[in-house]
Amino acid sequence: MYKYILRRILIMIPMLVLISIIVFTFSKLAPGDPFTGEFDPRITKDILDKKRAMFNLYDPPYKQYLSWLKNVLQGNFGVSMRFGFPVSDLLAERIPNTLFLAITSLIITLIVSIPIGIISARRPYSLIDYSATTFGFLGLATPNFYAGLIAIYLFSIQFGWLPAQGTITAGADYTGLALFWDKFKHVIMPASTLGLAQTAGYMRYMRSEMMEVMGKDFIRTARSKGMPERVILYKHTLRNALIPIITLLGFEFGALVAGAVITENVFSWPGVGTLFLNAVINRDYPIIMAINLIIATMVLVGNLLADIFYVIVDPRIRYD
Amino acid sequence: MQTEPLLIIRDLKTYFYTDGKEVKAVDGVNFQIYKGETVALVGESGSGKSVTSMSILRLIPDPPGKIVNGEIIFNKLDLLKLSESDINEIRGNEISMIFQEPMTSLNPVFTIGEQIMEGLRHHHNLDKANARKKAIRLLQLVGFPRAEDIIDEYPHQLSGGMRQRAMIAMAMSLEPKLLIADEPTTALDVTIQAQILELMRDVKEKFNTSILLITHDLGVVAEMADRVLVMYGGQIVEEGDVYTIFESPNHPYTKGLLSSIPSLNDDKDRLESIEGTVPAAHEFPKGCRFAPRCGEKKLSICEEKLPQLQEIGNGHKVRCFLYERVEA
Ligand SMILES: Nc1ncnc2c1ncn2[C@@H]1O[C@H](COP(=O)(O)OP(=O)(O)OP(=O)(O)O)[C@@H](O)[C@H]1O
Ligand code: SF4
Ligand SMILES: [Mg+2]
């Protein structure tokens, strides 16, 4: 098992290099660079040329890539071409915000989707089941940004219950429970929006998994032993139905971080996603490259986690 | 014969409702099981054997199935009238079951020990340590020399035969009065089959359990059963002790089944088997359900009326007009 994990981690390195090459190629293919569209009349063509030269933008692309790679291998993600800050500082500030958003979103997804999935499976074609199905299709069909705007309109503008942006009330210095409550009020809406499609999907998935497991022979065996319904449902059925769900969680995590790009922008959430969108607009290559590397790593680590979870929850699976 | 039956089934009807059709899987079944006897329920695929056995513990999936009529008397209680929690006291405790597929009948994510112990802990309120001790003893009883290790293994780590032994240990853990075994050896290869049958006989001796043994293997019947019920089209067509059924079967279907057993000193190179197949349970013929396949010189009434199961002497019952007493 440990050997397997080690092997998987080693394989990640060439994959990340490959991904970085692809991302680099595409960002270079996009027209322009950080300094096109500079209208300030005081910045002359000469100054721009100097800036471009400073960032090696006149070197052939492969040279630019190799020097980027060399720096990254030494732990140096470079400097934002646009703002001049070191990329690692920008990231250190924003990654915790994005992780907080993604993890909260995952927790909400699980808390909502698993119980509803179970209830739907227990009483298929009941009112609750039909409502869940309807919500499920709406959730899957609504784009994140649209759902986010509706949520802001309703809960911030109409009812005034929740703040529409940021991670915390500006200027307020809350501590303890008040701080927690303030953070909670800020995160709940973006996190729910980010997890909307996942929640809908998991709900449907949980329902069909539960129903499938309920029809298995070993459930009949458990019934024939006189085990009460609660044990049949929450022990024998749920334990089996959760296997694919838990496995999916690993994959979901990377997807959530990637999905945060849109949601963060809707809620002006100061995370990696807002940074990324700005960087793309400005062709701020070092930031684009660093964030892509982070998302790719998250996805790969998520996949590895999925495989590890799988071994933990399903005694039939072994990797040697 | 023995005095009080352990289980009495009266006019049991279990129907399925699918695609707007009414499937009469079990259609008026009557029989008794006495203390300590092994009763074999035989018949071709689709004749309603499993549905009959699952009806006893009310394990028929509803929907689509429903027990629409009948009484199942056990310990003077009608199991069909019990509340869900009362029938749960019977399940596993007084009547237990083992199934054909030992591969899928055990929960893959729990150890063998956990699955044996949960019944002990639930029904007998044993604590964990005592349940474990008892489970180890049961596993030894069913022939595991390394019971202390097996108890912590998962079903997929055991072979089919071992899984079926574990199922038997589980089914016997609460010393039930009746064990229902639905084709317990069909999925196993021949040598393992013999071992499992041997084990069932041992266990039966030890606990004085009655067994309802469902099979379509007449070799198994000859080896295990005291009495035989022959089922066809959701009904019992012949009932008798094992010698009567093998030596002087009366129903044309039973005769057909018996002549389809290959025999060593038989030099015919083709097995005789009954031509045709069991009619689908939603389109039984109007008269005798066996009539379309019956090779006997049929009577004209055969295709008009359904024959009744009638005693023709000494516990031997037949459902066939050829043996029906002439009524006034
Ligand atoms: N869940 C179900 N839904 C619909 N019909 C069913 C269901 N289970 C059984 N039946 C019907 O009941 C009839 C009898 O099935 P049963 O399983 O009792 O046969 P069997 O005698 O046990 O056969 P086998 O030897 O193949 O196990 C079949 O015709 C089948 O169509
Ligand atoms: S009743 Fe008639 S058709 Fe049915 S088994 Fe007897 S002889 Fe054959
Ligand atoms: Mg069957």
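Buried means under 20% relative accessible area, exposed over 50%, and partly exposed in between, taken with a 1.4 Å probe on the protein chains only. I begin with F290(B), which is buried at a relative accessible area of 3%.

**Ground rules**

I note that this is a predicted model, where local features need pLDDT of at least 70, side-chain atom pairs count only at pLDDT 80 or more, and totals for chains, interfaces and linings use all residues. Residues are numbered from 1 along each chain as its sequence is written, chains are lettered from A and ligands numbered from 1 in the order in which they are written, and side-chain values use heavy atoms, with hydrogens and water left out.

**Chain A overall**

I looked up the secondary structure of chain A and found twelve helices and zero strands. Helices (H or I, at least four residues) and strands (E, at least two) are DSSP runs, numbered from the N terminus. The C-alpha atoms of chain A fill a box of roughly 85 × 55 × 40 Å along the principal axes. Chain A has 320 residues, and 44% of them count as buried.

**Aromatic pairs**

I noted that a pair of aromatic rings is described by the distance of the centres and the angle of the planes. Rings of Phe, Tyr and Trp (its six-membered ring) pair if their centres lie within 6.5 Å; planes under 30 degrees apart count as stacked, over 60 as edge-to-face and the rest as tilted. Over all chains, the structure holds twelve aromatic pairs.

I took Y125(A) and Y130(A) next. Their ring centres are 6.4 Å apart and their planes stand at 50°, so the pair is tilted. Y125(A) counts as exposed at 58% relative accessibility. Y130(A) is partly exposed, at 49%.

Then I returned to F290(B) and its partner, Y232(B). Their ring centres are 5.1 Å apart and the planes stand at 85°, so this pair is edge-to-face. The pair links distant parts of the chain, 58 residues apart. Y232(B) is in strand β9 (residues 227–232) of chain B, and F290(B) is in the loop between α10 (252–259) and β11 (310–313) of chain B. Y232(B) is buried, with a relative accessible area of 2%.

I also found one aromatic cluster, formed by F24(A), Y65(A) and W68(A).

**Charges over rings**

A charge sits over a ring if NZ of Lys or CZ of Arg is within 6 Å of the ring centre and within 35 degrees of the ring normal. K28(A) lies over the face of Y285(A), 3.9 Å from the ring centre. In chain B, the charged end of K206(B) sits over the ring of F207(B), 5.9 Å from its centre.

**A loop residue in chain B**

I checked E283(B), which is found in the loop between α10 and β11 of chain B. At 52% relative accessibility, E283(B) counts as exposed. E283(B) and E22(B) are 261 residues apart along the chain, and their C-alpha atoms are separated by 9.2 Å.

**Pockets**

I wrote down the terms before the values. On a 1 Å grid over the protein atoms alone, a cavity is a set of points where a 1.4 Å probe fits but cannot get out, and a pocket is an open set with protein on both sides within 12 Å along at least five of seven lines; lining residues have an atom within 4 Å of a point. Grid points are joined across faces, edges and corners, and a volume is the space filled by probe spheres set on the points.

The largest pocket holds about 970 Å³ of space. Its lining has 26 residues, and R223(A), I60(B), P61(B), D62(B) and P63(B) lie nearest the centre.

The second largest pocket holds about 370 Å³. It is lined by 18 residues, with F55(A), S67(A), W68(A), M81(A) and P286(A) closest to its centre. α3(A) gives the most to this lining, with four residues.

**Cavities**

I found five cavities of 30 Å³ or more. The largest cavity has about 80 Å³ of space. Residues of both chains line the largest cavity, among them T221(A), S224(A), G92(B) and M167(B). α6(B) supplies the largest share of this lining, three residues.
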